[in-house]
Amino acid sequence: TRSFKAHLHNETATVAMGNKLAAIIEQGAVIYLHGDLGAGKTTFTRGVVQGFGHSGKVKSPTYTLVEPYELVRANVYHFDLYRLGDPEELEYMGIRDYFSEQAICVVEWPEKGGDFIPVPDLDITLSYVGDERKIAINSASERGVAIVEKLNS
Ligand code: ADP
Ligand code: MG
């Protein structure tokens, strides 16, 4: 496992970190976002989605489970599984179809999805540091190792 770590002083820094990741990742990447409520997972995702060219709002798909962003550089699918009852619901929504080599998938609360969601390339954890935040980006695949090496170079 390779790791990239950073302190995020404010919301702008969290968005900028998402932007930075968007400049490095390619289609097919699967990103898990861990962290308590309010830790900044959706804020970070906004940075990723905007980095891929989206200019509107980014709201968490708490009730719909997934929000699609079909953009010029890639299709980005933002999942929030916080309210998922039974992981089998993911089968019914055709979850596997989203995780293609043509898409970037960003998943909040992946632990709620059990084995129904594909394994990640990156495991990202956002944590509170007083009023501020920190981020740890850990590789979880060969593709993830290459991404983390670029972040650290
Ligand atoms: P989550 O999706 O993890 O529940 P959100 O991104 O919805 O969290 O909310 C995070 C909250 O923390 C927002 O109010 C945002 O403005 C704030 N925030 C994001 N990043 C930082 C940071 N680096 N320092 C302080 N506050 C932050
Ligand atoms: Mg969220």
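Q: Which residues of helix 2 are buried?
A: In this predicted model, the buried ones are Lys41, Thr42, Thr43, Phe44, Thr45, Arg46, Gly47, Val48, Val49 and Gly51. That makes 10 of the 11 residues in helix 2, which spans 41–51, so the helix is mostly covered.

Q: What do those buried residues of helix 2 pack against?
A: Quite a list: helix 1 (11–22) together with strand 2 (30–34), strand 3 (66–70), strand 4 (75–80), strand 5 (103–108) and strand 6 (122–129).

Q: Okay, on to the ligand. How many residues surround ligand 1, and which are the closest?
A: There are 18 residues around ligand 1, and the closest are Leu8, Thr14, Lys41, Thr42 and Thr43. Lys41, Thr42 and Thr43 are also among the buried residues of helix 2.

Q: Which elements give two or more residues to that shell?
A: Helix 1, helix 2 and strand 7 do.

Q: How does the shell around ligand 1 split by class?
A: The shell has 8 polar, 6 charged and 4 nonpolar residues.

Q: Let's switch to helix 5. Which of its residues are buried?
A: In helix 5 (residues 142–152), Gly144, Ile147 and Val148 are buried. Looking down the axis of helix 5, these buried residues fall within an arc of 95 degrees, so they line one face of the helix.

Q: What covers them?
A: The cover on the buried residues of helix 5 includes strand 1 (3–8), strand 6 and strand 7 (132–139).

Q: Now the strands. How much of strand 2 is buried?
A: Strand 2 is mostly covered, with 4 of its 5 residues buried. It pairs with strand 5 in the parallel sense over 4 bridges, and another pairing, with strand 6, is parallel too and has 4 bridges.

Q: Which residues stand opposite each other there?
A: Ile31 stands opposite Val106 in strand 5 and opposite Leu122 in strand 6. Tyr32 has Asp123 of strand 6 as its bridge partner.

Q: Ile31 keeps coming up. What is it in contact with?
A: Setting aside neighbours within four places in sequence, Ile31 is in contact with Cys105, Val106, Val107, Pro120, Asp121, Leu122 and Ile124. Ile31 is also one of the residues with the most contacts inside the largest nonpolar core, along with Val106 and Val107.

Q: How many residues does that core have?
A: The largest nonpolar core has 36 residues. As background, nonpolar side chains tend to be buried together in soluble globular proteins.

Q: And strand 6 with strand 7, parallel or antiparallel?
A: Those two run antiparallel, joined by 8 bridges. One of the pairs is Tyr128 with Arg133 in strand 7. The hairpin they form has 2 residues between the strands, and Gly130 in this hairpin takes a positive phi near 60 degrees.

Q: Which residues have a positive phi although they are not glycine?
A: Leu65 is one, with a phi of about 70 degrees, and Trp109 is another, with about 55 degrees.

Q: Where do they lie?
A: Leu65 is in the loop between helix 2 and strand 3, while Trp109 lies in the loop between strand 5 and strand 6.

Q: Why do they count as partly exposed?
A: Leu65 has 19 other C-beta atoms within 10 Å, and Trp109 has 19 C-beta neighbours inside 10 Å. A residue needs 20 or more to be buried and 12 or fewer to be exposed, so 19 falls in between.

Q: Last one: Thr1. Buried or exposed?
A: Thr1 counts as exposed because it has 9 C-beta neighbours inside 10 Å. It is found in the segment before strand 1.

Q: What does Thr1 touch, beyond residues up to four places away in sequence?
A: Thr1 touches Asn138 and Ser139. The C-alpha atoms of Thr1 and Leu122 are separated by 9.7 Å, with the two residues 121 residues apart along the chain.

Technical notes. Residues are numbered from 1 along each chain as its sequence is written. Chains are lettered from A and ligands numbered from 1 in the order in which they are written. This is a predicted model: local features need pLDDT of at least 70, side-chain atom pairs count only at pLDDT 80 or more; totals for chains, interfaces and linings use all residues. Two residues are in contact if their C-beta atoms, placed from the backbone, lie within 7 Å. The arc is that of the directions from the helix axis to the C-beta atoms. A residue is near a molecule or strand if its C-beta atom, placed from the backbone, lies within 6 Å of it. Ala, Val, Leu, Ile, Met, Phe, Trp, Tyr, Cys and Pro count as nonpolar, Asp, Glu, Lys and Arg as charged, and the others, Gly among them, as polar. Two strands pair if DSSP finds at least two bridges between them. A nonpolar core is a set of buried Ala, Val, Leu, Ile, Met, Phe, Trp, Tyr and Cys residues joined through C-beta atoms within 7 Å.
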